[in-house]
Amino acid sequence: MQSSVFNQTVPAEGCELLFNTLSGSIVELEAPLMQIVKESPVATQVLLRNGHCVQAGTTVEQEYAAFFAKRTAPTSVLNVLLTITTKCNLSCEYCFENRITRRTMTPATLAQTLKFLEQRCKHINAQRLRVSIFGGEPFLEPQLILWSLTGLREVCDRCGIILDPIQVVTNGMHADPNLLDQLMREGVSRVQVTFDGAKAIHDKRRQYRAGIQRSSYDDALSNLPVYAERFQLAVKLNFDPSTIEHVEPLLDDLIGGGRLEPHVFLIKPEAIQPYRNSQPQSLFFSTNSTDNAVAFKGIIDMCNIRNIRLDLSAVFPTPCMLTQPNSILIEPDGSIRSCISAFGMAKFHVGDVKSGLNKANDRVSVTTNFDTSDITKCISKACAFLPVCNGGCKYELAVRRKPIESMLCRQDYFDAVLPLYVRTVHAQSSRRLRLGIP
């Protein structure tokens, strides 16, 4: 046996944490990896099963080939971001939907969408359907949400598959208890509400449309307990270099005065991405910058001090939706795209609900076709980060008007953020595996 190229070690108290970027597995090591392999056959089988070890003589090229095969392999779960409307009652200057004409899904398009999902589930032999209801602001169309939920349940019943608990992504302006109770009965289990920081920056960034003079921060904050009573609550924290100082006051407002107990919600930090090439640099972090890692560390430290739980899926994001054959975004007009951020972008168009997915459905060739010289550099460095890098964000490359088939190296960022990520995920895990020498 030998160590996988995708292994990374992080020092921890009394042990070393071994993290595999391909499998996502974290194990505690009480001795050096190869010593454990040499002296403990039982531990070696565990390490092999979790991807930390590979057969002796396996080359870097072979491990990379196995990664590409795994990344593009179909899954038994169909993941869908269902955008019933892109209309919104807030106006956010950085929103990636600002490039499109805002619209709402018609009942006819919803019916065609449900028909497409049923056909797709049967075609891929799906065992489960996982849906997030997205916007715009979906609560502007409560009837469409309810029709969607009923239709999704009927699709799963006809296909004989499981409908996973559904998430609704909202700006937090709407919290009618009667509607929320109905959504809970219909299968919604998680609500995600977005904040940009404390009141001063949030209200500046997330203003009501049509000249309404209200504090969107106060409205969202007051609605959080109503959501938390019924659903798993995630507070998505959009941040950029100018808003980091506003994070701590927000956290204190969330738990201040007994508004929310720290254990009833999650903080999901995510750096703002550009939506156009000319967007001011002050509105987002460079994905090649360690400043992003430093910002994440600060936010995580603030949450840990307050015993607030974290969703770190945007810190070390994997797998990229673009690379997953069974993950799709459906827009209100029925267009299907392969990236959550790519509304209206032709490069990411992979079909529509009426005619289905494009026959090639090669995800514009970005899932396997990297620039040869760049992938050679990855191999020559035996870089462990490709499973979480995926060649860099293809959406960002497109926005910056660069070839999306090329690589966008983020090694400096991953080097900086990895120890923080691994230690935090390990600390939050309820199942820890410790291996040593018998």
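Reader: Which residues do ring pairs link into a cluster?
Author: In this predicted model, ring pairs join several aromatic residues into one cluster. The members of that cluster are F6, Y64 and F67.

Reader: How many aromatic pairs does a search of the whole structure find?
Author: Two rings pair if their centres lie within 6.5 Å. Across the whole structure, the count of such pairs is 9.

Reader: Is the pair of F239 and F296 stacked or edge-to-face?
Author: The ring centres of F239 and F296 are 5.1 Å apart. Their planes stand at 85°. Planes over 60 degrees apart count as edge-to-face. The angle of 85° is therefore the reason to call this pair edge-to-face.

Reader: How many residues apart in sequence are the parts that F239 and F296 tie together?
Author: F239 belongs to strand β13, residues 232-239. F296 belongs to helix α10, residues 290-305. The pair therefore ties a strand to a helix, and the separation in sequence is 57 residues.

Reader: Are F239 and F296 buried or exposed?
Author: The cut-off for buried is under 20% relative accessible area. F239 and F296 are both classed as buried.

Reader: Is the pair of F385 and F414 stacked or edge-to-face?
Author: The centres of the F385 and F414 rings are 5.3 Å apart. The angle between their planes is 25°. Under 30 degrees counts as stacked, so F385 and F414 are stacked.

Reader: Where in the chain does F414 lie, and where F385?
Author: The pair links distant parts of the chain, 29 residues apart. Both F385 and F414 are buried. F414 is in helix α14, residues 411-428. F385 is in the loop between α11 (372-380) and α12 (386-389).

Reader: Which residues have the most contacts inside the largest nonpolar core?
Author: The largest nonpolar core holds 103 residues. Within this core, the residues with the most contacts are L183, L224, I267 and I330.

Reader: How many residues are in the other core that lies apart from it?
Author: This other core includes L18, V37, A43 and C53. Its residue count is 12.

Reader: Which residues does I330 touch, not counting residues up to four places away in sequence?
Author: I330 is one of the residues with the most contacts inside the largest nonpolar core. Its partners are V80, L81, L82, T83, M105, T113, F116, L117, S335, I336 and V353.

Reader: Is S335 buried or exposed?
Author: S335 sits in strand β17, residues 335-337. Outside four places in sequence, S335 touches L329, I330, H349, G351 and D352. Its relative accessible area is 10%. Under 20% counts as buried, so S335 is buried.

Reader: Are the helices α4 and α5 roughly parallel or roughly antiparallel to each other?
Author: Helix α4 spans residues 107-123, and helix α5 spans residues 142-159. Their axes come within 10 Å and cross at roughly 25°. Angles under 35 degrees count as roughly parallel. Therefore α4 and α5 are roughly parallel.

Reader: Is the crossing of α4 and α5 left-handed or right-handed?
Author: The contact on the α4 side is made by P107, L110, L114, L117, E118, C121 and K122. On the α5 side it is made by L144, W147, S148, G151, L152, V155, R158 and C159. The crossing of α4 past α5 is right-handed.

Reader: Which residues is T290 in contact with, leaving aside its neighbours within four places in sequence?
Author: T290 lies in helix α10. It is partly exposed, at 35% relative accessible area. Its C-alpha atom is 9.4 Å from that of Q411, which is 121 residues away along the chain. The residues in contact with T290 are D412, Y413 and A416.

Reader: Is the peptide bond from G135 to G136 cis or trans?
Author: Most peptide bonds are trans. G136 lies in the loop between β8 (128-134) and α5. Omega from G135 to G136 is near 10°, and the bond is cis.

Reader: What is the phi of N307, which is not a glycine?
Author: Most residues other than glycine have a negative phi. N307 lies in the loop between α10 and β15 (309-310). N307 is exposed, with a relative accessible area of 61%. Its phi is positive, at about 60°.

Reader: What is the phi of A382?
Author: A382 is in the loop between α11 and α12. It is partly exposed, with a relative accessible area of 33%. A382 is not a glycine, yet its phi is positive, near 50°.

Conventions. Residues numbered from 1 in each chain as written. Predicted model: local features only at pLDDT ≥ 70, side-chain atom pairs only at ≥ 80, totals over all residues. Heavy atoms only, no water. Phe/Tyr/Trp six-rings, centres within 6.5 Å; stacked < 30°, edge-to-face > 60°. Helix = DSSP H or I, 4+ residues; strand = E, 2+ residues; numbered from the N terminus. Buried < 20%, exposed > 50% of the residue type's maximum accessible area, 1.4 Å probe, protein only. Core = buried A, V, L, I, M, F, W, Y, C linked by side-chain atoms within 4.5 Å. Contact = heavy atoms within 4.5 Å. Axes fitted to C-alpha atoms, helices over the stretch in contact; angles between N-to-C directions. Parallel < 35°, antiparallel > 145°, perpendicular 65-115°, else oblique. Left-handed = near helix turned anticlockwise from the far one by under 90°.
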